[in-house]
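Please read the following points alongside the coordinates.

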Amino acid sequence: MAARVKPNPLNQDEYSVMMYDSESGTMTLQWSESTGNMTDENFKEIVAAYAGFAEQYRIPRLLVDVTKFRHRRGPEIGTWRSREIVPRYHNAGVKRFAYV
């Protein structure tokens with residue numbers, strides 16, 4: 001039996017880690033507890049980068065781990081995400097999107 005390959009980290013910063021598991025075709029965005037100190041602009045940059053990787057690599061499954069997410073997003077973030085990010089997921093060919 002072949003050993004399972006660990007997911008490949010695509011990006012990491014003080015607020016998050018993005019990993020790609022080629023075996024399952026899943027990219028995970030794992031937020032850290034330090035998100036309690038981030039701004040809406042930090043949030044937008046990270047989510048835009050996540051969408052960018054999905055587009056670049058045509059990743060069909062996206063998973064966002066919010067178990068340690070502490071940021072309190074501003075009221076315009078939902079509208080921004082719907083307008084700027086969701087269409088990028090569609091362009092990437094995302095088939096499944098989940099939050100944990």
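Does Y89 count as buried or exposed, and at what relative accessibility? Y89 counts as buried, at 7% relative accessibility, where buried means under 20% relative accessible area, exposed over 50% and partly exposed in between, with a 1.4 Å probe and protein chains only.

1. On the basis of the values: this is a predicted model, in which local features need pLDDT of at least 70 and side-chain atom pairs count only at pLDDT 80 or more, while totals for chains, interfaces and linings use all residues. Residues are numbered from 1 along each chain as its sequence is written, and side-chain values use heavy atoms, with hydrogens and water left out.

2. Helix α2 covers residues 77–92, and its 16 residues should span 22 Å at 1.5 Å a residue, which agrees with the 21 Å between its end C-alpha atoms; the expected span is 1.5 Å times one less than the number of residues. The helix bends by about 35 degrees at I85, with a proline, P87, following within four residues; the bend is the angle between axes fitted to the seven residues ending at a residue and the seven starting there. Just after α2, G93 takes a positive phi of about 80 degrees.

3. On the aromatic pairs: the whole structure holds 7 of them, where rings of Phe, Tyr and Trp (its six-membered ring) pair if their centres lie within 6.5 Å, and planes under 30 degrees apart count as stacked, over 60 as edge-to-face and the rest as tilted. One of these is the edge-to-face pair of W31 and F69, at 5.1 Å centre to centre and 65 degrees between the planes. Because W31 lies in strand β3 (residues 26–31) and F69 in the loop between β4 and α2, this pair ties together parts 38 residues apart in sequence. W31 is buried at a relative accessible area of 3%, and F69 also counts as buried, at 15%.

4. On Y89 again: Y50 and Y89 form an edge-to-face pair, 6.4 Å centre to centre with 80 degrees between the planes. The pair links helix α1, which holds Y50, to helix α2, which holds Y89, across 39 residues. Y50 counts as buried, at 0% relative accessibility. Y50, Y89, F97 and Y99 form one aromatic cluster.

Note on methods
Helices (H or I, at least four residues) and strands (E, at least two) are DSSP runs, numbered from the N terminus.
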